[in-house]
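New notebook page. I want to get my bearings in this structure, chain by chain.

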Amino acid sequence: MGIRIRVADFVQTLIAAIAVGSLYALVALGYTLVYGVLKFINFAHSDIFVLGTWTSLTAAVVITNKMGIEPEHAPWWVAMCVFLLAIAMCATFGYCIERFAYRPLRGAPRLNVLITAIGVSLLLQNVGQLPGKTVAESGGSPAATIPFGAIPRNMPALIEDRVLNETSVAEGTMAGGSKRGTVKLDQNLTIEAERQYRIEYVKPPAADAPAGAQSSIETLNVVVAEPGTIAAGEEISTQPRRNAKDVEGTKYRVLRSPLVPIRLIDVLIVTGSIGLMIGLQILVFKTKLGRAMRAVSHSVETASLMGINTNAVISFTFVLGSALAAAAAFLYPLKYPLVNQTAHGIWVLLGLKAFVAAVVGGIGNVRGAVLGGFLIALIEFFGSRYVSTELRDVYVFGLLILVLLLRPSGLLGSTAREKV
Amino acid sequence: MSTAESTTALLDVRGIGISFGGLKAVQDFSIALPPRGLYGLIGPNGAGKTTAFNLLTGVYTTQTGMTTLAGKRIETLKPHQIAAAGIARTFQNIRLFGELSVLDNVKLACHLRGKHTLLGTLLRSPRFVAQEEAMRLQAMELLSIFGLERVADESARNLPYGDQRRLEICRALATQPKVLLLDEPAAGMNPTEKVELAESIRAIRDRFGLAILLIEHDMGLVMKICERITVLDHGQTICSGTPSQVQNDPKVIEAYLGVEETAEGVVGGAV
Amino acid sequence: MKTLAQHQQDVPGKVATRWDVMLLPWVACIVVALVVHFASPVLVNEYWQNVLRRVGVFVIAAVSLNIVNGYAGQFSMGHAGFMAVGAYVAGATTYYGSLLLHGSVNDPNFYYQGIGLMLGGIGLGCVVAAIAGYLVGLPSLRLRGDYLAIVTLGFGEIIRVMLELTKGQLDNAAAVKDAGAKLLIHLNGPSGFFGIPSYANLFWIFLFVSVTCLIAYRIKYSSTGRALLSIREDEIAARSMGVDLTKYKVRAFVLAAALGGVAGGLYSHIGANPSPTDAGFQRSFDVILLVVLGGLGSISGSVLAAIVLILLPEVLREAQQYRLIIFALLLIIMMIVRPKGLFGVKEIWELDWFTGWFSGKRRERKAGAK
């Protein structure tokens, strides 16, 4: 493998790690915020995240069905609506869980709160898994079913992913090949080693299509064995193998894949998450509400003596943490579209990773959670790329044990002393 | 430094201290408690008295200085090792094992002097049975000294407040300590109970041959029974001496009553 | 004032050396197992005998988890992980052992040797689970309680993931001989380990059940048990009374893991094919539920909860899909209205309402004993 490819591979792994790391960080913030004010692990937090993914999925399916459009062509505000719905749903649940399950136990032994949290987590998991209406029961049309939690589904691609830094190397009008799956370009094309090329062309609506059907942009991958120059008019094989007549006469662009593709979804995830994190920083450290949160975190009793409405602050913290989880939950299935049923072990692992991120950074420390999130993802992605893919879930656990042994208060955490 | 002093002191504390972040909770704390001594530790709220106890019992680890008990260094030991070395304590806010019976609370403390093997426990070996019986006998003996034998089977949480305080002392004694640290044993008691308590503290010292270090807010009680008193304020030892020396020390009066900023002198009378 | 050692010398040998106290309960365990073994075929059909075997396995799981979650108040959420370790070790020992020694599995001619393999496998599973417990417990038990919960949760999930990665099961003696130490990775991946003969009949199950209960009982009512309970009640006070927190927590944890391994070992021999999901969070939760609802620290509570909660879904078949929802709700409600569980730390015979039923008889017996 060439050094260029190796570097490119490394950078690609890094980008994936940063994208997923920022999602871990968002979820980890929820653990850390709640731990900060109430000093307990909100076991139900990962389930709030799952609720967010399913709310996004359901909302996306229902909205696009109602509007009768393909999700890929949904206008941007549909994605916005789905995002806000997920946040509203998770925030409501976060509030209710705190209000009805945790608040009655304020001041109870830690063990009881922990058990309650486990109960809440299981309740959410299993209620989500209840079989919904099947197609037959709801009257036949698949559009009428409301998907939620029972069986794995794919998230509709509300925001179509694309590589942002592709370069166009040739443009023109295509001539059909002599046989199926081949095309001729009207320009010379230079093929470099270790690069991929694809042809993007505009497919006009079929002759028998209903009125109003739009033309679509289709992609053909160029299949070449050797680097070199393909002369204009020479036949080249493509995938998928389209009928030569179909593509004849269409405008095309040949795009060369970059060594390090930067994907729209990744950019969206990273900028979105970092924006939220900066917002949270400002909220916690620069506003009056943030000061109240820090005060409650320091001591609930003292804060309430100082005239802070501690219950309101605690509720707000839950709402805030849940909203951050919801944001992560909206972004996550855009990258990994398969959404598993709510009680699937994969969610437990995901929650565990986010929790480990919070612990590694120093639980209760907002900046620590962000740092931990990125660190966990880096270890996970580089470990699975360069050591062993199969053990990707094991690294995180190893890291947790290591941190507990060497620095239990986390990288940025400070040791809290129990009052005697 | 006189070697004579270090040999006579049972508990010899030299310059221990701890700070939490920027707060110097206790600084340069020293005390030399002789065998059968009954010393007092006083100071305003937040002066660091309980923190000093926590340092002595290993709940916090001292950052400076050293502590020796009967010639053995103990400042780096863990709490259970310090308990084994012979320091027992009570807590300001009572910390009994609420769900356990009164008898079991005391038997637990006897635990320290026993030998426990898993095999013996599972087989109910003769040594195990004898030891359990011995623990029961000793616990009952202690309980009867404090008049608690009637409630031996009650859950500790159901005891009235005064009995809970007594049970804490009883439990501490069951570890067979050389030094007993009492953290505000008279808190929440009425004057009659306090008088009784003062008597029993002295009686305990005489009967068990212990050295006692006492934190107390009630000046009358401290002045009455303690041989020497150390006064803490803001983590610092501001005075140490006999009750009458302490009583007349201007710094002590200042610590307790504060200085009026405009006035030159100390405002206030006796402590 | 006499010291403890002096008191101990005063205890007469007649009081201390009680062969009946030492041995009779162990004999009783065998008797219980025999009674269940011979009585149940007369009383119930084969289906319910199988249910009874499952109940037995979960009684062991719950009673063992109670040692760490109940007595010591340290919340472990990875008990299923230890059970799975025991199940796979014991199951693989019996299965591959049979192949290696006899060439086939589940041959009636190999029955008694098979039983021997099962017992050896359970013993081995118990030891491996205990070692796993030590390795997981030592770092996390030094820290605050919730860390243990999360580390053990992670442990269970990691065991699950690792089991899913294992390769296909071998099915003939030659392949087993070739594989050698590599047998460890032939545990059949996500579909679970198949074909383990169900040697664990009601006798073995209930022998282990009663032995586990006896062990749990003897620990609870001993200085070790008091030390564990004191840790649960107040760690700081316990430390100051000379209880070595880490030592006792690790002890409880290792013991629970070991007995959990036994439960798992039996589980793989009752015709239930152990699969990776048996190591996961859901299964751990099943056991936690029994312990919490029965009463944190109560052996009889755990036993009762295991019996009721395993039998209930059998009776209410239609409610199967709501099982976990109902149990989760029960858990939350229990924490709000009765935080210590049904029996709390007490045993059923220590409860006032229970002794009330037998008041006359019981008090007489108690008076007679003293």
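Which domains does the domain assignment give for chain B? I found domain 1 (34–61 + 72–86 + 180–271) and domain 2 (93–176); such bounds come from an automatic or database domain assignment.

Notes on the model before I go on. It is a predicted model, where local features need pLDDT of at least 70 and side-chain atom pairs count only at pLDDT 80 or more, while totals for chains, interfaces and linings use all residues. Residues are numbered from 1 along each chain as its sequence is written, and chains are lettered from A and ligands numbered from 1 in the order in which they are written.

Entry: the domains of chain B. I looked up the C-alpha centres of domain 1 and domain 2 of chain B, and they lie 27 Å apart. Eight residues from domain 1 and eight residues from domain 2 of chain B make the contact (C-beta atoms, placed from the backbone, within 7 Å). On the domain 1 side, α3 (79–85) and α8 (191–208) of chain B each supply at least two residues. Helices here are DSSP runs of H or I, at least four residues, and strands are runs of E, at least two, numbered from the N terminus.

Entry: chain B overall. I get 11 helices and 10 strands for chain B. Its C-alpha trace spans about 75 × 40 × 35 Å along the principal axes. I note that 46% of the 271 residues of chain B count as buried (20 or more other C-beta atoms within 10 Å of the residue's own, with C-beta atoms placed from the backbone).

Entry: chain C against chain B. How many residues does each chain bring to the contact? I have 35 from chain C and 41 from chain B. α10(C) gives the most to the chain C side, with seven residues. That side divides into 17 nonpolar, 10 polar and eight charged residues. Nonpolar means Ala, Val, Leu, Ile, Met, Phe, Trp, Tyr, Cys and Pro; charged means Asp, Glu, Lys and Arg; the others, Gly among them, are polar.

Entry: α3(C). I checked its length: at 1.5 Å a residue (times one less than the number of residues), its 25 residues should span 36 Å, and the end C-alpha atoms are 35 Å apart, which agrees. C:C29, C:A33 and C:V36 are buried in α3(C). What covers the buried residues of α3(C) includes α9 of chain C.

How values were computed
Contact = placed C-beta atoms within 7 Å. Buried ≥ 20, exposed ≤ 12 C-beta atoms within 10 Å, placed from the backbone.
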